[in-house]
Amino acid sequence: MSQKGHKRPRLSNKLLAVVSALVLGGGGVAIVAGNASAGQEGDRTTKLAATIDCPDVGDKITAVPEQAKTEVDEGLAKLDDQVADAYRRLAAGEAKGDALLGELRQQRDKTISGMADAIGRGGQPPQEIKSLGACTMKEAPVANDGQAGGGGDLNAAAKSGAGGQKGGPAKSDFVSINKVKPNVRTPAASGNASKGSFSSQCGRNENGHFNPDNVIVAPGVSNGAHHMHDYVGNQTTDAFSTNDSLAASGTTCGNGDQSSYYWPVLRLRDGKAERDAKAPGGGQDANVGTILKPKQVSITFKGSPADKVTAMPRFLRIITGDAKAFTNGNANANASWSCTGFENRQLKDKYPVCPKGSDVVRTFTFQSCWDGRNVDSANHRTHVAFPDKNGRCQKGFKAIPQLVMRLTYGVAPGARFAVDSFPEQLHKPVTDHDDFINVMSNGLMNKAVSCINDGRTCR
């Protein structure tokens, strides 16, 4: 992320006026500032949350020697821990903003320096990351009406350990899908297009495979995501999975697809105690409320409008979207929210309010161009890319089957809900993301490629 915008700004007078901490079950909290001007909530006051905005060090690391990978992965996870802890301390009133940012910078500088040294022992030390220690404060509207989906006293919920909605999305984070204009564009297919599709039927996580790990970004680190993930496909994926353990695992997919598909859970902000209300990734990281089970999870691999596709290598890793997009900006954001019956209208930075009888839809369209060499990259992004507006891959990249995942949820009209997030990301819709590790056998992948290139629909 560019350093522009990372000079420390003064907090607004509105934010400095009144700052109060509201506890979310298990210790996660949001800072709420009063004295803001009235907004669309009529006679209610629009309040602001203070959160912590830090440069994304991992996104700037483009090469890591093999012998330094473990130390760098641990360092990146430590940076996330430091920000999450600083956010909790700020919210609890344990430290003032300037003092807290100073302490956080010291911690981050030390961790970043250690990572740079580890990389330097096996290659060129990345000097640019050494300037990324400083963080700033960021303001955002938060919920302030004490209600979510029809009820619940927030203070009572917090005292009972069930958690409240104050750390959840603001009213301004929602928009009626009826007010959104159609905005979906489909590239025209060329004569060499691959028009088929291949689907895996992997269920809806009926076996209850949840954890707050992320083996792609934080291998070997428990609670590396600081939010809870839903899993389908591979049945053993966690922070400590290896290629060998993934290949030996069972799967929920009916066709034998052992791939790992996982995404942050969606929750009703109903003040009720979920089983993780006091656990890491749950209430301890400000992720509270009832976890919603998807009504449907569809997993489809599609072709390219410009070329035939080539097989993905086994153990290819792809992340789509950015879990830190609220503070990072939209460069890697890829959220798509909509409603059934309205899917030609996609939202990136708003949650949809769906009419009665229509379900909330999350759609994840993954990168479909591969560099032809690497199953992963240091920042987990540069080995894959999106095609251009005409569906063509950039020079040096080749088209692979495009994974499209579609999740639907039954949510009552007007109910407040939120995607799990890092605590400082405030559950903003733009932070939605999805993760994939290809563990298909070579035979199954070749079958998928054949179906897609031949124009067949295979289920």
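How many of the 459 residues of the protein count as buried? The share is 55%, where buried means under 20% relative accessible area, exposed over 50% and partly exposed in between, with a 1.4 Å probe and protein chains only.

**View 1. The whole protein, a predicted model.** The model is predicted: local features need pLDDT of at least 70, side-chain atom pairs count only at pLDDT 80 or more, and totals for chains, interfaces and linings use all residues. Residues are numbered from 1 along each chain as its sequence is written, and side-chain values use heavy atoms, with hydrogens and water left out. The protein has eight helices and 23 strands. Both are DSSP runs numbered from the N terminus: helices are H or I with at least four residues, strands E with at least two. The accessible surface comes to about 19,000 Å², by the Shrake-Rupley method with a 1.4 Å probe. Carbon and sulfur atoms hold 48% of that surface. Among contacts (heavy atoms within 4.5 Å) with a separation of 6 or more, 76% join residues 24 or more positions apart.

**View 2. An open sheet of three strands.** The order is β18-β17-β19, and the pairing is antiparallel. Strands β18 (384-385) and β19 (398-399) stand at the edges; each has a single partner strand, so one side of each is left without a neighbour in the sheet. Two strands pair if DSSP finds at least two bridges between them. Strand β17 (residues 369-370) and β18 pair over two bridges. Trp370 has Val384 of β18 as its bridge partner.

**View 3. Strand β20 and its partners.** Strand β20 spans residues 402-409, and seven of its eight residues are buried. Strand β12 (residues 296-302) pairs with β20 in the antiparallel sense over seven bridges.

**View 4. The surroundings of Asn211.** Asn211 is found in strand β7 (residues 210-211). Its relative accessible area is 9%, so Asn211 is buried. The side chain reaches the backbone oxygen of Thr237 at 3.2 Å. Leaving aside neighbours within four places in sequence, Asn211 is in contact with His227, Met228, His229, Tyr231, Thr237 and Asp238.

**View 5. An aromatic cluster.** Phe174, Trp337, Tyr351 and Phe417 form one aromatic cluster. Rings of Phe, Tyr and Trp (its six-membered ring) pair if their centres lie within 6.5 Å; planes under 30 degrees apart count as stacked, over 60 as edge-to-face and the rest as tilted. By this rule the count comes to nine aromatic pairs. The rings of Phe174 and Tyr351 have centres 5.2 Å apart and planes at 40°, so this pair is tilted. Phe174 lies in strand β5 (residues 174-176) and Tyr351 in strand β15 (residues 351-353), 177 residues apart. Phe174 is buried at 14% relative accessibility, and Tyr351 is buried at 0%. Trp337 and Phe417 form another tilted pair, 6.4 Å centre to centre with 45° between the planes. Trp337 lies in strand β14 (residues 337-339) and Phe417 in strand β21 (residues 417-419), so the pair ties together parts 80 residues apart in sequence. Trp337 is buried at 0%, and Phe417 at 1%.

**View 6. Lysines over rings.** A charge sits over a ring if NZ of Lys or CZ of Arg is within 6 Å of the ring centre and within 35 degrees of the ring normal. Lys324 lies over the face of Phe422, 5.0 Å from the ring centre. Lys428 lies over the face of Phe326, 5.5 Å from the ring centre.

Methods: A polar contact is a pair of N or O atoms within 3.5 Å; within protein, one must be able to donate a hydrogen and the other to accept it, and residues adjacent in sequence count only if both atoms are side-chain atoms.
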